Amino acid sequence: MANVPAPGFVDVMRSRQPEVGDAVAQLFAAAFAPGELPLKIKLLIALGIDDAGRHPNGCLHIADMARQAGATERELDEALGVIAALCGTGGLATASGVFHEMRGAGFGSL
């Protein structure tokens, strides 16, 4: 995975407020650009942040991007352990779509 695409809401913002949408897209590109942290670590951090914000669809998509960036299932397991420690069982419910066997066990119809 060479680069991380900005979330779809950025394109909507670009169509409504181009200056704001472009600025958010640039920030997103800079945050996920190659650097000291490997991309998979950046994505695991993003997974935790989206989970804390209770965004189950974001968790699902970020977990898939982390897999594409080389994150293993065991690394995702450990990330969910950290999420559980900091966000409680609500955090696990929000992230339930990360693993296929957990889909549908949390919020919504992931």
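**Exercise 1. Classify Asp-64 by accessibility, then find its charged partner.**

Step 1. Asp-64 has a relative accessible area of 28%, so Asp-64 is partly exposed. The classes are: buried under 20% relative accessible area, exposed over 50%, partly exposed in between (1.4 Å probe, protein chains only). The model is predicted: local features need pLDDT of at least 70, side-chain atom pairs count only at pLDDT 80 or more, and totals for chains, interfaces and linings use all residues. Residues are numbered from 1 along each chain as its sequence is written, and side-chain values use heavy atoms, without hydrogens and water.

Step 2. Asp-64 pairs with Arg-67 in a salt bridge, with the closest N and O atoms 2.9 Å apart. The criterion is a side-chain nitrogen of Lys or Arg within 4 Å of a carboxyl oxygen of Asp or Glu.

Step 3. Arg-67 and Asp-64 are 3 residues apart in helix α4, so about one helical turn separates them. Helices are DSSP runs (H or I, at least four residues), numbered from the N terminus.

Step 4. Arg-67 also forms a salt bridge with Glu-73, at 2.6 Å, N to O. Arg-67 is partly exposed at 21%. Glu-73 is partly exposed too, at 40%.

**Exercise 2. Which residue pairs with Glu-78 in a salt bridge?**

Step 1. The partner is Arg-74, at 4.0 Å, N to O.

Step 2. Arg-74 counts as exposed, at 54% relative accessibility.

Step 3. For the whole structure, the search finds 7 salt bridges. Asp-11, Arg-14 and Asp-22 are linked in a network of them.

**Exercise 3. Describe the setting of Lys-42.**

Step 1. Lys-42 is found in helix α3, residues 39-52.

Step 2. Lys-42 is buried but has no salt bridge. The nearest side chain of opposite charge belongs to Glu-36, 9.4 Å away. Here Lys and Arg count as positive, Asp and Glu as negative; His and the chain ends are not counted.

Step 3. Beyond four places in sequence, the contacts of Lys-42 (heavy atoms within 4.5 Å) include Phe-32 and Pro-34.

Conventions
Helix = DSSP H or I, 4+ residues; strand = E, 2+ residues; numbered from the N terminus.
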